[in-house]
Amino acid sequence: MRARLRLGLRLALLAGVMAALFAVDTATNYEVAAAVFYAMVVLNAAPFLGRRALIRLSAFCVALTVLSFALTPKGNMPIGLANMGVSIAAIVMTAWLILKMDAARQAAQDAHAKLVRIARIKSLEGLTTSIAHEINQPLAAIVTSGNACGHWLAHDPPNLDRARQALDRIVRDAGRASAIVARVRSLTRGEPPSRTVFAFNDAVGEVVGVSRGEIERYGIALVLDLAPDLPAVRADRVQVQQVIGNLLLNAIEAIAAGPARARAIHMVSEVAGGMVGLSIRDSGIGIPAGIRDHLFEAFWTTKEDGMGIGLSISRTLVEANGGEISAEPVETGGATFRFTVPAMQQEKS
């Protein structure tokens, strides 16, 4: 109701202004170009009139200009004709510019809406790719445990203890996959990590246990140099294990892609400056020259079948937990990846 009343008042005001302009333009000489102020009427009416209504108003202003010229009783006729032409041109140009600006604004809004839709699609693609990449390892472990369970049950007599252990691993890895999906989704929504206090070396050991089959498959010698008496860390355990799993899997793949020479992975945990860190050094193909600065960029990969998302996710997870991640080549061949997470501060007595 108020909107209609406000619109009615605006239209009444415009009508009054147009009537006053018509009266002044008709009463004055040809030399006075009062009709040019109709352009101001069109300009002020643009915010609350539609496209068609604005065109009709402009045409009406042009008609009033011509009628006023016909009714003007005195003055220099050539100058009057020139003033009338200028006034009509001003009205038409003002209306044309307003319509063009409105069309450009609408096009910008449409483009923005399209970009929003594209961003949502890309966000969904990124989320899908991230989840697919992250759950690949626990799913592979589930398949391995499932095959082992079938193997133990096929024994004569069946080895129920070993089969039960395999089933326990399947349940644990399925829960880990579910937790990874939940963590990746919460990360894309900008939610903070679910930080808990846990033993860092234990988390490393669990991931190594899951990856043991791949390590043995490629004949890799794994050296664990985990510092004793590490302080507990305060971070999201699932996300930290995702990072460890990504870096360990990359090390395995780097070694598998290289020549059949000494195959080794050296994992070292340590504490320094209130941070607990883990270094993973491999004897693989190393870091090709010129790509070190791009290693942690999304969708950047040197692997033929790679998605280029693992290291990007790892950096996001580490930084979300208050740590840092880095990479450097090894002179003798291979690469070292290192990340840190905050250690749990001990309360002073």
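## Report on a predicted protein model

Five strands make up an open sheet of mixed pairing, in the order β2-β4-β5-β7-β6. Strands β2 (221-226) and β6 stand at its edges with a single partner strand each, so one side of each is left without a neighbour in the sheet. On average, neighbouring strands of this sheet are turned by 15° against each other, direction ignored.

The model is predicted: local features need pLDDT of at least 70, side-chain atom pairs count only at pLDDT 80 or more, and totals for chains, interfaces and linings use all residues. Residues are numbered from 1 along each chain as its sequence is written, and side-chain values use heavy atoms, with hydrogens and water left out.

### The chain as a whole

The secondary structure of the protein chain comes to nine helices and seven strands. Helices (H or I, at least four residues) and strands (E, at least two) are DSSP runs, numbered from the N terminus. Of the 349 residues of the protein chain, 36% count as buried; buried means under 20% relative accessible area, exposed over 50%, and partly exposed in between (1.4 Å probe, protein chains only). Among contacts (heavy atoms within 4.5 Å) between residues at least 6 apart in sequence, 72% join residues at least 24 apart.

### Strand pairing in the sheet

Two strands pair if DSSP finds at least two bridges between them. The pairs of the sheet are listed below.

| Strand pair | Sense | Bridges |
|---|---|---|
| β2 and β4 (residues 264-272) | parallel | six bridges |
| β4 and β5 | antiparallel | eight bridges |
| β5 (residues 275-282) and β7 | antiparallel | eight bridges |
| β6 (residues 325-329) and β7 | antiparallel | five bridges |

Individual residues mark out these pairings. Leucine 222 stands opposite isoleucine 265 in β4, and the bridge partner of leucine 226 in β4 is serine 269. Isoleucine 265 in turn stands opposite aspartate 282 in β5. Strands β4 and β5 form a hairpin with two residues between them, and glycine 273 in the turn has a positive phi of about 60°.

In strand β7, threonine 336 is the bridge partner of arginine 281, while arginine 338 stands opposite serine 326. The hairpin of β6 and β7 has five residues between the strands, and glycine 333 there takes a positive phi near 115°. Six of the eight residues of strand β7 (residues 335-342) are buried, so this strand is largely enclosed by the rest of the structure.

Helix α7 (residues 200-217) touches β2, β4, β5 and β7, and its direction makes about 180° with that of β2. Helix α8 (residues 237-256) packs on the sheet as well, touching β4, β5, β6 and β7, with its direction at about 15° to that of β5. For these angles, axes are lines fitted to C-alpha atoms, for helices over the stretch in contact, and angles run from 0 to 180 degrees between N-to-C directions.

### The annotated segments and their surroundings

An unreviewed UniProt entry lists residues 29-46, 53-71 and 77-99 under "transmembrane region". UniProt positions are given in the numbering used here, feature names are shortened, and annotations may be inferred rather than shown by experiment. In the model, residues 29-46 are 44% helix and 0% strand, with end C-alpha atoms 30 Å apart. Residues 53-71 are 100% helix and 0% strand, and their end C-alpha atoms lie 27 Å apart.

In helix α2 (residues 38-45), the buried residues are Tyr38, Ala39, Val41, Val42 and Ala45. They cover an arc of only 155° around the axis, which puts them on the same side of α2; the arc is that of the directions from the helix axis to the C-beta atoms. Threonine 94, in helix α4 (residues 77-134), is buried with a relative accessible area of 17%. Leaving aside its neighbours within four places in sequence, threonine 94 is in contact with Ala39, Val42 and Leu43.

Helix α1 (residues 2-27) holds alanine 15, which counts as partly exposed at 42% relative accessibility. Alanine 15 and valine 41 are 26 residues apart in sequence and 9.3 Å apart in space, C-alpha to C-alpha. Threonine 26 is also found in helix α1 and is buried, with a relative accessible area of 16%. The side chain of threonine 26 makes a polar contact with the side chain of serine 68 (3.0 Å). A polar contact is a pair of N or O atoms within 3.5 Å; within protein, one must be able to donate a hydrogen and the other to accept it, and residues adjacent in sequence count only if both atoms are side-chain atoms. Beyond its neighbours within four places in sequence, threonine 26 is in contact with Ser68, Leu71, Thr72 and Pro73.
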